Amino acid sequence: MTQYFIRRILTIIPTLLAISLVIFAILDLSPSDPVGNLPLTIPPETREKIRAAMGADDPFFIKYTKWLGQFLINEPLNLIEKGTGITFPGSEDRLRIISWQTRSPIVDLIFERLPQTLWVVGTAYLVAIVLAVPLGILSAYKQYSIFDQIGTFLSIVGYSVPTFFTGLLFVVLFSVQLKWFPSVYNTTHVVTDFDSFVVQLRQIFMPVAVLTLAFTAQISRYTRSAMLENLNQDYVRTARSKGLNERTVVMRHALRNSLIPVVTLVALGIPAIFQGAIITEQIFRVNGLGQLLILAVQGGDLPTVQTLTFIFAVLIVIFNLIADFLYAFLDPRISYR
Amino acid sequence: MATTTTKMISLKAESAEIVKPHTLWGDVWRRFRKHRMAVAASLVLLLIVIMVTFGSLVWTLDPEYIDIVAAYSGMTSDHPFGTDNLGRDTLARVIQGGRVSLSIGVIAMLIGIVIGTLVGLLAGFYSSLDNLLMRVTDTFLSLPLLPLLLVITLLFRDSLRVAFGPELGIFILTVVVIGGLGWMPTARLVRGDVLAMKEREFVLAAHSLGATNMTIMRQHILPNVLSPVIVAATFSIAAAIITESALSFLGLGFPPDFPTWGRLLFDGKDYLTLTPSLVFWPGLMISLTVLCVNFIGDGLRDALDPRLRKG
């Protein structure tokens, strides 16, 4: 098994290189102009100079290797320096990936945006897991009961109705009509005492609720089918026939096996947290990573888009790997060669 | 031997009068009918399709007609779905937008399914191609889809707009991008099934009868992997409709005067406090369509699963 894992980890490297090349190539081949948004009064010669200074005119592979070097070597070194306080030689003139829009290092921008995204989307994900797993278990255990039928119907509804519609409905209902919650998330709000905590809770409620609905529907559907598959297995009948009480049969025998695929699904969904539920952030004006991406896309800010998209891809690859490991660790029936 | 044959023939002749022969699709239809939600969903979806296709013959208001006096009219008998900020009729615009949204869903699905089936078939059948094709599939699966979709649409829409005109250009771009980034699950599914199918005796028999690889793939393997493909196709229509709406909702889809359901939502969200109906109807249509398609997919999956097939 160790051998399998080592091989699996090693295959990450070519995969990531291929992905980075694809992302970089798509963006580089595009006819987008980084100086397109600058004022029209700038004369063409100056425009050319600005382009050249940005490095936008370099040949493809020079741009690619420069970017890759900055991404894989310079930025991690900077992070280590920041985290530990140790200074490596040459830290002053180490080149960083600079956003074309804000002229500041992209990694700093990302760290500014990350907390908001993690708060909103992460909370929703946790709440969804806590809600969905018991719902799925109960639904499967009482298959075809009223509870199961309503639950299955609601979960397919929650799975089908897109977040941009539920989000807008929530705004109409809770902000416009009932005036319970603010429709805009105020990032500068600082929690200092109980009152400001309540304000924070109120403003985080709607985006979290919208995302929780979507996540819960997905996870509970999955839990239900995993549980159903196990409840019909022979070993459950054996457990019952040797006289174990129902609680032990369900919670210790069936549930443990059913949670294996659920855990992997949850792990696979984590990159989505970082992608920050782009649409929900847009509706409620949460200035997280998703919004950063949208702004960069609209402004033709190629380095930011490249870096963000690549970070998302890295996360997806890593969490795929983690899900695989979890699966192997949790399920001894799977053999790896 | 001879007696059993005659017995079988006589049995067949007897039972033919009582029981009609079961065909594959007849069986599927029988089981599909048992899934009541799926049947109801098919009816609703049929209604939506009819409304979108022929609705403009009944509701003859021009979706582009500007009637500034009737702006923000709310839901009245003249405008049952209300009007927007320029007084354009929302019902007419929802009908027109539905055509675009539905056709995007179907065409993007076709592109994705064709690529996916082809890749899966080749990877499963030719073991020399398997490794390469599956590496490519894995790489595509690791791409963050929505960010990439946003980027590609934004970056290439101007050149396509010049080449094919503003509406057709965006249509082609959206459909190709959604289909081209959605084929991977189908490819994996098909490959898995083909791998199992390839080892079966009937394939060996076809081989020994001298059938070419092409014939075996087309005549023997493809029909046998069709049912999971059909189910995947149904779900991917729903996914494509949602993706298109999401793109439009982020302002990166069709031009403003060209309504799709997502675009109507995007335009309507700025007037949320004045007329919520502007957001409500297109949103409801998207949700209802996707819900119906998902229910039908569930029903089809149950009906096509051979493990559930009895008698």
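Which side chain meets that of Asp138(B) in a salt bridge? The partner is Arg135(B), with 3.4 Å from N to O; a salt bridge here is a side-chain nitrogen of Lys or Arg within 4 Å of a carboxyl oxygen of Asp or Glu. Asp138(B) and Arg135(B) are three residues apart in helix H5 of chain B, so about one helical turn separates them. Asp138(B) is partly exposed at a relative accessible area of 22%, and Arg135(B) is partly exposed at 42%. In these terms, buried means under 20% relative accessible area, exposed means over 50%, and partly exposed lies in between (1.4 Å probe, protein chains only).

The model is predicted: local features need pLDDT of at least 70, side-chain atom pairs count only at pLDDT 80 or more, and totals for chains, interfaces and linings use all residues. Residues are numbered from 1 along each chain as its sequence is written, chains are lettered from A and ligands numbered from 1 in the order in which they are written, and side-chain values use heavy atoms, with hydrogens and water left out.

**Salt bridges**

Over all chains, the structure holds 12 salt bridges. Four of them are listed below.

| Asp130(B) | Arg191(B) | 2.7 Å |

Asp130(B) is buried at 15% relative accessible area, while Arg191(B) is partly exposed at 22%.

Arg301(B) and Asp298(B) both belong to helix H13 (residues 277-304) of chain B, three residues or about one helical turn apart. Asp298(B) is buried at 11%, and Arg301(B) is partly exposed at 38%. Together with Arg221(A), these two residues are linked in a network of salt bridges.

**The interface of chain A and chain B**

In contact, taken as heavy atoms within 4.5 Å, are 41 residues of chain A and 38 residues of chain B. The chains bury about 3400 Å² between them, 84% of it on carbon and sulfur atoms. Buried area is the accessible area (1.4 Å probe) that two parts lose on being put together, summed over both. In chain A, Phe164(A), Phe165(A) and Leu168(A) lose the most area to chain B, together 18% of what that side buries.

**Chain A**

Chain A contains 12 helices and zero strands. Its C-alpha trace spans about 85 × 60 × 40 Å along the principal axes. Of the 337 residues in chain A, 47% are buried. Among contacts between residues at least 6 apart in sequence, 69% join residues at least 24 apart. Chain A exposes about 17700 Å², with carbon and sulfur atoms supplying 66% of this area.

Conventions: Helices (H or I, at least four residues) and strands (E, at least two) are DSSP runs, numbered from the N terminus. Accessible areas come from the Shrake-Rupley method with a 1.4 Å probe; for residues, only the protein chains shown count as cover.
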